[in-house]
Every structure is written in C-alpha cells, then in structure tokens.
Amino acid sequence: MRWENLTADSGHSRADSALFGADAVVTRTFDTPEFAGITFHEIRARSIVNRVPGASRMPFEWTVNPYRGCSHACVYCFARKTHSYLDLDTGLGFDSQIVVKVNAPELLRRQLASRRWQGEHIAMGTNVDCYQRAEGRYRLMPGVLAALRDRANPYSILTKGTLILRDLDLLKQSAEVTDVGLSVSVGFVDPELWRTVEPGTPSPERRLDVVRTLTEHGLGCGVLMAPVIPFLSDHPAQLRATVRAIAAAGATSVTPLVLHLRPGAREWFMAWLAGRHPHLVRRYERLYADGAYAPRWYQRRVTRQVHELAQEHGMGPARGGAPRRVREPEPPARASAEPTQLSLL
Ligand code: SF4
C-alpha cells in the first residue's frame, strides 16, 4: 500500500482542490490485484445528505453517496460526467480515481440528529454504486445503515454489487423499523455483452443471486432492467431471456430503462462501440440524433415488450411498494457541485 497525505499547503493537484470542500485529501493505492490501477482519494466531507436540485424530476429528494467514481466501470455510465466537476477524467479516470468520503457514517449520524432534519426518504446508489469494490475495504455502508436504522429513517438502495449481502442483518433490522426499498440493476443476461460493457461488475447471474437471497430473507427486491442497449440487448429473445431470469430470481418488479447517452458517457460509449461494434456506429448516430435519449417510439416499444413479458411471469413495474423509487429520470436541469442522477446502475 502506498499513501501520501496532501493538505492545502502541500502543492496538491487541481483534482484535490476541487474535492468539494474536503478538509484534507489522502491519496492511496493498494497492492492487491482487486485494486490494481485504482487510486483512492480519501476525504472528510462536510456534508453527506444531498438535496436533489429543485428542478429535477427524480423520484426522490435526498441522497447519500459515500463514493464518487466507480470501479464497476460500466462503459455507458452517465455519472461519468460528474467526475469532470472534480477536474478528473470522465473515462478511465472515472473507473480508477475513486473519491471516498471516509467520515460518511459519523457525518450522516450527525445530520440525521439535526433538528432541521424531518426524516425524509434517502436514496442511495443514485449517482454511483455504494457497494462498488471499494466498499469491501472501506466498509462505510454498515455505519450508514446503522445510522439510518437507529433513526428509523426510510431509505432505498440501488446496486449492482453483491457486497450488499454482507449487510443483510442491518437491512433486516432497518426493515423492521422503517420503509426500505431495495433494487438491483440487471439490464441483460448475455455474458459476452456483460464482460465488455460492464467489466468491473459482478455477473448478471450473481446479481440475480442477490435478488434471490434478499427475497429469501423477506426483503422484497425489484430489478431495474437497465440499460436496455439498442441493437445489442433489445432483441425480443434477449428481452425474454432477461425477464425470465429476473422472474426466476423472485424479483418483486421489473422496470426497463433504455440506454441514455449524455455528455461524458456518450463519448466514452461511442468510442467503445466504434472499437467493438463499428457497424453499429451509424445506427446509433441516427437513433441518438436528437440528443441523449433514444426516440420515444423506441423507448415505448421496449417498455411495452418488457411489461408484457413481466406480466406473463406475474411481475409488474415498480409502484407503491418497496422498490418504488427507481423510475426513468429526466435530464438534469444543470450541473451542481454534488450532482444526483440515476447512473444506470
Ligand atoms: S452504472 Fe452504476 S455500477 Fe456501473 S459504473 Fe456507473 S455507478 Fe458504477
């Protein structure tokens, strides 16, 4: 392990100075194969509960994100753009320069105890994955969940990480005292596509095992079927296989979401597409000619197909119940210092 302590007087980088009010930045690397090539920027954040900008149509108002950047490295991740606010690279930098808010649990406990806090729902995993690999080492989520449980504060988690099962007991304890919504993201089950487009994530099969385990323990879990990737995972047979696997895992709901290509993600995804599937580049340029979103007719078609398949298996879209807080996002009105957007987790 290598590490160095960088303070305001020690010639720190532009990235370090951009770390949103951090008092100090400790930069570490670890020699274990799991963290090869990854640099962690440990900071003591000044605030951990973030309000979603008022203009946003996100289905939640408050978020907690202990990390920024994500070693799950999904090519399409549209949280990539958020790294540019830290003067960090939105491509490989997003995958390998991870900001860790090491004081997240204690800060959250303090903020929840504030008289101004009204006990509103808190969404996690909305920007980057709170159960990404770094969590195995930093173990911030047990403290976060304990703080929420002790205040009986409702919350939801969206993840691709199997590590969430480590915190099963805390999730169950929380669910006894408050509303807990759990969702796992599985956009497709094609193993070849997974290896290339979501290279740092647990396989779809292992993610569905998470759904199965949570369900067996009485914690209802929905699936955000995201992203459905045009021309790569949207064939009716692929949609059918994915929905069938989701249903077999016992998911309470399935909510499809077609790929978005916002700035930051768009460049990275299109470069990947040109390398892996060059024959699709023109088709993508046409499909996304109007901006970050596929045309409405395309989104409606995919949504209808998935809903019909889900109905065959007795599942519906998320609504009312536990995993209800995952819905299709609208583009953010503008960038903020601590942006919140669904990252297609
Ligand atoms: S889509 Fe989610 S899991 Fe994938 S890199 Fe982005 S934040 Fe991480």
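This report describes the fold, core and selected elements of a predicted protein model.

## Overall composition and confidence

The protein contains 13 helices and 12 strands. Of its 345 residues, 46% are buried. Among the contacts with a separation of 6 or more, 80% join residues 24 or more positions apart.

The average pLDDT of the protein is 87, and 83% of the residues score at least 70. Residues 1–13 have a pLDDT below 50, and this stretch makes 18 contacts in the model beyond near neighbours in sequence. Residues 320–340 also stay under 50 in pLDDT, with 60 contacts in the model beyond four places in sequence. Where pLDDT is low, the predicted coordinates should not be read in detail.

## The nonpolar core

The largest nonpolar core holds 84 residues, of which Val-144, Val-211, Val-223, Met-225, Ile-246 and Val-254 touch the most other members. Strand S11, residues 221–228, gives the most to this core, contributing 6 residues. In soluble globular proteins, nonpolar side chains tend to be buried together.

Met-225 illustrates how parts of the chain meet. Leaving aside its neighbours within four places in sequence, Met-225 contacts Val-186, Gly-187, Thr-242 and Ile-246, and its contacts also include Val-254, Thr-255, Pro-256, Leu-257 and Val-306.

## Helix H13

Helix H13 spans residues 296–312. With 17 residues, H13 reaches 24 Å from its first C-alpha to its last, close to the 24 Å expected at 1.5 Å a residue. Its buried residues include Val-302, Val-306, Leu-309 and Ala-310. Because these residues cover an arc of only 105 degrees around the axis, they are on the same side of H13. An α-helix has 3.6 residues a turn, so residues three or four places apart point the same way.

The cover over the buried residues of H13 includes S11, helix H10 (236–248) and strand S12 (254–258). Val-306, one of the buried residues of H13, is also among the contacts of Met-225. On the face of H13 turned away from the buried side are the exposed residues Arg-296, Trp-297, Arg-300, Arg-304, Glu-308, Gln-311 and Glu-312. After H13 comes Gly-314, which has a positive phi, near 75 degrees.

## Strand S3 and its partners

Strand S3, residues 39–43, is largely enclosed by the rest of the structure, because 4 of its 5 residues are buried. S3 pairs with strand S2 (residues 25–29) in the antiparallel sense over 5 bridges. In this arrangement, Ile-43 in S3 is the bridge partner of Val-25.

S3 also pairs with strand S7 (residues 97–101), in the parallel sense and over 5 bridges. Here Phe-40 stands opposite Ile-98 in S7. In a regular strand the side chains alternate between the two faces of the sheet.

Leu-148 lies in helix H6, which covers residues 141–150. Leu-148 counts as buried because 23 other C-beta atoms lie within 10 Å, where the cut-off is 20 or more. Apart from its neighbours within four places in sequence, Leu-148 is in contact with Ile-122, Asn-153, Tyr-155 and Ser-174. Between Leu-148 and Val-177, which are 29 residues apart along the chain, the C-alpha separation is 10.0 Å.

Methods:
Residues are numbered from 1 along each chain as its sequence is written. A nonpolar core is a set of buried Ala, Val, Leu, Ile, Met, Phe, Trp, Tyr and Cys residues joined through C-beta atoms within 7 Å. A residue is buried if 20 or more other C-beta atoms lie within 10 Å of its own, exposed if 12 or fewer, and partly exposed in between; C-beta atoms are placed from the backbone. Helices (H or I, at least four residues) and strands (E, at least two) are DSSP runs, numbered from the N terminus. Two residues are in contact if their C-beta atoms, placed from the backbone, lie within 7 Å. The expected span of a helix is 1.5 Å times one less than its number of residues. The arc is that of the directions from the helix axis to the C-beta atoms. Two strands pair if DSSP finds at least two bridges between them. pLDDT is the predictor's confidence in each residue, from 0 to 100.
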